[in-house]
Amino acid sequence: MSGLAAKTGAINLGQGYPDFPMDDELVELVHKAMNDGHNQYAPMPGHLPLRETLAEKIELLYQHPVHPDTEITITPGGTYAIYTALTTILEACDEVIIFEPAYDSYIPNILVNSAIPVAVPLEYPSYKIDWEKVRAAKTDRTKAILLNSPHNPTGAVLSSEDIEELRRFVHGTNIFIISDEVYEHIILDGFPHLSILRYPDLFERSFVCFSLGKVFHCTGWKLGYCVAPEELTKEFRKVHQFNAFSCFTPTQVALASFLKEPDSYLTLPGMMQMKRNYFQHLMCLTRFKPLPTHGSYFQIYSYNDFSDQPDTEFAKTMVALHGVAAIPVSAFYQSGKDDHVLRFCFVKRKETLEAAVEKLINC
Ligand SMILES: Cc1ncc(COP(=O)(O)O)c(C=O)c1O
């Protein structure tokens, strides 16, 4: 859809990236890091002051002490952290439970390890987890369960009931948890982010993956990290050592000081809430119907009330006739399940959202 948007000059609310500038202070800190000579390889686990600051942040947010030396690894992005965690644990024919609709890297990352993705559908239209279905998907080959909260593409978030169910699900097994929490701070409507880091009994079998690019509106930085217990981190680093090995140094140095100020991340939910509310407010002028979403960069909308076109066709027509790109949610299912729902990225400038909605009024 991004390719189509670029070709036709459509407004791109499809791909998940902000079109507003990132924080000036952070840009200055990167300049400073380069001028100060931080331009050589960072250590394999990442720049230590950044890992130390992240450990402080984790303790503040989730009351969980993690060891910066042995439990945090800086990675080139959240996707890489998830891929590395999967590669660390998977052997041929292992099964990994994922939830569909699913972020697009999960299935290829599992398949490339000769393992098998076992998809459990989220319940439409709430996109909640049906734990009965998760239990039915469990076999003696289940190696891991991959969770994503806040969820792309639906914006669903895990509840405390989900955490209890997860606890029961893994209890007495060797099943690993991979938790994709790249939208940790893009959480709305007063919901708490139920990070796996809050639960020591779950953390002991987990790889928890984050993205600094997503959090600080600089997706092109591709910087993230994985938090895992020492024994799992040791294995994770064996894969990382001979793949990326280390990440871009100046951004790590800059973030180490930027993150010292908790406001740098504590103000994000409020800012994102304003953007999401404004987008929803504008979209009231259209015939699209919002589905409940409580986090991530995305708001999903149903067009079921006014068209029965398949979502891929509908999205293509919307680009061609109305000049706005969104992502058909069927693209996140292996089966192409189509509930006539589109994913819109609301993390855009006010003017971009206004211009897009002006066009969508005619849909
Ligand atoms: C659910 C999810 N996980 C991971 C990522 C990627 O994060 P990064 O850009 O840090 O690799 C994305 C980006 O769209 C995402 O939506």
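Reader: Which strand gives the most to the lining of the second largest pocket?

Author: This is a predicted model, in which local features need pLDDT of at least 70, side-chain atom pairs count only at pLDDT 80 or more, and totals for chains, interfaces and linings use all residues. Residues are numbered from 1 along each chain as its sequence is written, and side-chain values use heavy atoms, with hydrogens and water left out. A pocket is an open set of points on a 1 Å grid over the protein atoms alone, where a 1.4 Å probe fits and protein lies on both sides within 12 Å along at least five of seven lines; lining residues have an atom within 4 Å of a point. With three residues, the top contributor to the lining of the second largest pocket is the strand (a DSSP run of E, at least two residues) β5, residues 142–148.

Reader: What is the volume of the second largest pocket?

Author: A volume is the space filled by probe spheres set on the grid points, which are joined across faces, edges and corners. For the second largest pocket this comes to about 340 Å³. Its lining has 20 residues, and those closest to its centre are Tyr127, Lys128, Ala156, Val157 and Leu158.

Reader: Which helix gives the most to the lining of the largest pocket?

Author: The largest pocket has a volume of about 590 Å³ and is lined by 28 residues. At least two lining residues come from each of α4 (78–89), α9 (212–215) and β12 (327–328); a helix here is a DSSP run of H or I, at least four residues. With three residues, the element that gives the most is α4.

Reader: Where is the ligand placed?

Author: A molecule sits in a pocket if more than half of its atoms lie within 2 Å of the grid points. Around the ligand there are 13 residues, with Gly78, Asn152, Asp180, Ser211 and Lys222 the closest; a residue is near if one of its heavy atoms lies within 4 Å. The space that the ligand takes is the largest pocket.

Reader: Which residue has a side-chain N or O atom 2.6 Å from a nitrogen atom of the ligand?

Author: A polar contact is a pair of N or O atoms within 3.5 Å. Polar side-chain atoms of Asn152 and Ser211 each lie 2.7 Å from an oxygen atom of the ligand. The residue with the 2.6 Å distance to a ligand nitrogen atom is Asp180.

Reader: How much of the ligand's area does the protein bury?

Author: Accessible areas come from the Shrake-Rupley method with a 1.4 Å probe. Taken alone, the ligand exposes 400 Å². Of that area, the protein buries 92%.

Key: A polar contact is a pair of N or O atoms within 3.5 Å; within protein, one must be able to donate a hydrogen and the other to accept it, and residues adjacent in sequence count only if both atoms are side-chain atoms.
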